[in-house]
Amino acid sequence: MSETNTAPKLGGESDRATSGVEIRLENVTKQYGGQRQPAVDSVTMTIPAGETVVFVGPSGCGKTTTMKMINRLIEPTSGRITVGGQDVLRLNPDELRRGIGYAIQQVGLLPHLTVGQNVGLVPGLIGWDRKRIADRTEEMLDLVGLDPTEYRDRFPKQLSGGQQQRVGVARALAADPPVLLMDEPFGAVDPITRGNLQDELLRLQEEMGKTIVFVTHDFDEAVKLGDRIAVLGSQSRILQYDTPEAILANPADETVAGFVGAGAALKQLTLRRVRDIELEQLPTATVGEEPAAFATRIGGRKGAVGLVLDDRGRPLRWVTRRDLDRGGGSLATAGRPVEDSVDRASTLQDALEALLTADAGYAVVTRSRGQYAGVVGLDSLMGTIRALREQYEDEDGAPDGRQGDGPSGSQGGGTGAAHG
Amino acid sequence: MNWLSDFGSFVAGRWEQLLFDSYLHVSAVVQCVVIATVVGMLIGVAVYRSPFGSAVATAVTSAILTIPSFALFGLLIPVLGLGVPPTVTVLVLYALLPIVRNTIVGLASVDSSITDAARGIGMSRFDVLTRVELRLAWPAVLTGIRVSTQMLMGILAIAAYAKGPGLGNQIITGLSRVGSANATNAAVAGTVAIVILALVLDAVYVLIGRLTTSRGIRV
Ligand SMILES: Nc1ncnc2c1ncn2[C@@H]1O[C@H](COP(=O)(O)OP(=O)(O)OP(=O)(O)O)[C@@H](O)[C@H]1O
Ligand SMILES: [Mg+2]
């Protein structure tokens, strides 16, 4: 995936592979003819290499216009835009665009070409040979979860909306561009498909480390996908530009708070993974063990519970001292079954959900093969939220675009967690 | 019945002449349609982005079509003389309207998200026009060409007055000698031949449409 020659690549500093390059906007303004106010008014921001930056903002605030100026589908009225250090206004616009993946809500597949031909368009434009294009097309369709043998020769009209959007993403990625512009690419599908597409984009980005500019109306989508979120006001003014965690913990003003919407604390939990916090340990016993001995280990404290594991270490049942004192049975039947568990990659929100349904007051965390690893309790969840809030209250960053010059301190730290 | 066998023997007797005139007729129409297609598509491509240009091109080509063909020949003969030059000019002018209009409509109705995406992934203006817009507009353009062809089949018959080629000569010879032997036969033979050829050509267009339109945009 690294043999393209589209645009110069800068080194990335994050732990995941970075093939993306930095994008800078300096005092970029767009004034459409015949309008009194500019649609985009002097925007300055830096989009770090290899990060996903999401533009959110109300309809008509200039998100699309700002994005399209990066690949010069719209020419800025004034200001400077660089991609990987190169001034885009000095490049041939067609060549510039071949180095920048582009996916939009309406998808815009060419209806007279097959899925395979659509995906192979950009490689064809930059002069790859047939064999290489064919291989690449196959690889890309696989990547977005469409079986090449089944879908390659179909026409766009023979696909569902979600499948078309997948093909749109495959087409955008086909020539392995360092930069990806996505304008509400998952806008036109149902919430479940949208969730799947988002998960896939996250997975892809994990491997690719491209610089992605993503436009959406949906703040939850922004939180899920973004390393940083730029909350834009009218004329694309940057109201806040920060990590999702920072924006959730400490919105810059009323407007941003309104955009974040209700349930900011719950959304914060989606940003942290179980592996980010320290697990608690409960007393455990294997099914074969003596109930009385286990009862002593659980102890008499109010609310104390223990976990019965099967002989391969997988959690089976919650038991309290009272369950065991009732006596008679073996550990295989005492207490209540463990119905839900999470693993280390799950979000803390998943953990909260499991915790609330388990009525033991804990969510069980398992390792890869389902073995017991520990538990998450309500206290540690609350502690996490409290810590986040305190962390971002200290910072109190001014909401302007200039603070985004490279991942610094806590922002960089938060970034890793967002994608776990 | 009597007339029919009479007509049959007329056709049998003039078989070669009829066939030759038919050939000339189709050949003239097809050549003029080809010229009109090239010119018409160029005009369409030149103006389709501008609403004003589109309106002017459509208005001018419609205006041409409202001139009676007989009158147009009359106007052109003093300038271009007799025979092929006025014939080709008239046929091409008449063929323009459907082709120009359908090219404009076809190009204008290409979904802007498709061209936006095509530009966005790095296709040049020219690529977008030739590899996207014209491909998508093609079924509409072809319909225009088909209409023009049908129209020209009839109009060419009039060209015989300007000493043009084709089956019009049969008809005009017939009409100018009404009453004499075989006059009606000649006119009918010419007319019927035109109708048959027009139907055949139409079938050819259906075939061309099939072969030149991607399965992805066939309705
Ligand atoms: N081609 C154009 N000509 C004139 N004005 C335009 C043009 N495109 C957009 N605008 C105006 O510029 C402003 C910003 O539009 P833009 O499409 O960037 O908004 P957006 O944030 O992407 O909105 P949405 O979320 O609805 O897609 C709007 O007021 C719009 O009316
Ligand atoms: Mg938009």
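An oxygen atom of ligand 1 is 2.8 Å from a polar backbone atom of Gly60(A). This is a predicted model, where local features need pLDDT of at least 70, side-chain atom pairs count only at pLDDT 80 or more, and totals for chains, interfaces and linings use all residues. Residues are numbered from 1 along each chain as its sequence is written, chains are lettered from A and ligands numbered from 1 in the order written, and side-chain values use heavy atoms, with hydrogens and water left out.

User: How much of the accessible area of ligand 1 does the protein cover?

Analyst: Accessible areas come from the Shrake-Rupley method with a 1.4 Å probe; for residues, only the protein chains shown count as cover. On its own, ligand 1 has 630 Å², and the protein's share of that is 60%.

User: Which residue of chain B forms a salt bridge with Lys68(A)?

Analyst: Good one to look up in the structure! A salt bridge is a side-chain nitrogen of Lys or Arg within 4 Å of a carboxyl oxygen of Asp or Glu, and chains A and B have 2 of them between them. For Lys68(A), the closest N and O atoms are 3.3 Å apart, and the partner is Asp116(B).

Definitions and conventions:
Polar contact = N/O pair within 3.5 Å; in protein donor to acceptor, adjacent residues only side chain to side chain.
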